[in-house]
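Please read them with the structure open.

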Amino acid sequence: MAKASEIKVGNILRFNGELVTVIEILHRTPGKGGAFYLGKFRNIKTGKIVEARLGTDEQVEICRVETSDYQYLYEEGDYFVVMDNESFEQFSVAKELFGESAKFLKEGMDVIVSFESEEPIMAQAPNFVELLVTYAEPAVKGDTSSGAQKMVTTENGIEIRVPLFVNEGDKLKVDTRTGEYVERVK
């Protein structure tokens, strides 16, 4: 347990039984009454923002979170199985922790997972992945207006809008945060 005065932005706390990350913490000293802290916290599971008023000596629980690189092995129901790169220990991580970037995962890819007392609480895919194009419609001659694009299908079944020069068999660099084409990889 720690005092509210020891909280810093980025800390992960157990607040009202939920894990939250500190977005903002402000110290206020009004003209009347005692000083206090105004905190803005984001719930890790739901993403909701919670605001709270904490007394300077109020006790809070700062959680010890371990973040490390893991290798994605395979999908198992609603979970992804990842392996610790040093101890080779395997863990099941819920798909929803990866969010929208889960669809870009490929076997053998490195991911970042955060654990709080043996429970995975946050997971992140790499920002960019390289995917092989398995199907691409041929470009239509004359369809060359600036920024003309077409849809292609990648090795893991994702459809992405790309420039006309991309063909079947090309490797693409894709941003997992937005799902957008970045560049063609040689």
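1. Lys-95 sits in the loop between E9 and E10. Strands (E, at least two residues) and helices (H or I, at least four) are DSSP runs, numbered from the N terminus. Lys-95 is partly exposed, because its relative accessible area is 24%. The scale runs from buried (under 20% relative accessible area) through partly exposed to exposed (over 50%), with a 1.4 Å probe and protein chains only.

2. A word on the source. This is a predicted model, in which local features need pLDDT of at least 70, side-chain atom pairs count only at pLDDT 80 or more, and totals for chains, interfaces and linings use all residues. Residues are numbered from 1 along each chain as its sequence is written, and side-chain values use heavy atoms, with hydrogens and water left out.

3. What does Lys-95 touch, not counting residues up to four places away in sequence? The list is Glu-75, Gly-77, Asp-78, Tyr-79, Phe-80 and Ala-102. Contact here means heavy atoms within 4.5 Å. The side chains of Lys-95 and Glu-75 are joined by a polar contact of 2.3 Å. A polar contact is a pair of N or O atoms within 3.5 Å; within protein, one must be able to donate a hydrogen and the other to accept it, and residues adjacent in sequence count only if both atoms are side-chain atoms. Glu-76 is 19 residues from Lys-95 in sequence, and their C-alpha atoms are 9.6 Å apart.

4. Rings of Phe, Tyr and Trp (its six-membered ring) pair if their centres lie within 6.5 Å; planes under 30 degrees apart count as stacked, over 60 as edge-to-face and the rest as tilted. By this rule there are six aromatic pairs. Tyr-72 and Phe-80 are edge-to-face, because their ring centres are 5.2 Å apart and their planes stand at 85°. Both residues, Tyr-72 and Phe-80, are buried.

5. Phe-80 and Phe-98 also pair edge-to-face, at 5.5 Å centre to centre and 75° between the planes. Phe-80 is in strand E8 and Phe-98 in the loop between strand E9 (90-94) and strand E10 (110-116), so this pair ties together parts 18 residues apart in sequence. Phe-80 counts as buried because its relative accessibility is 3%. Phe-98 counts as buried at 5%. One aromatic cluster is formed by Tyr-70, Phe-91 and Phe-115.

6. Asp-84 deserves a look. Asp-84 lies in strand E8 (residues 79-84). Asp-84 is buried but has no salt bridge, and the nearest side chain of opposite charge, Arg-64, is 12 Å away. A salt bridge needs a side-chain nitrogen of Lys or Arg within 4 Å of a carboxyl oxygen of Asp or Glu. For charge, Lys and Arg count as positive and Asp and Glu as negative, while His and the chain ends are not counted. The Asp-84 side chain reaches the backbone nitrogen of Glu-86 at 2.9 Å. It also makes a polar contact with the side chain of Ser-87 (3.4 Å). Leaving aside neighbours within four places in sequence, Asp-84 contacts Tyr-70, Glu-89 and Phe-91.

7. Now the sheet. Six strands form an open, antiparallel sheet in the order E1-E6-E2-E3-E4-E5. Its edge strands, E1 (2-3) and E5 (49-55), each pair on one side only. Two strands pair if DSSP finds at least two bridges between them. Eight bridges join E3 to E4 (residues 36-43), and His-27 stands opposite Tyr-37 in E4.
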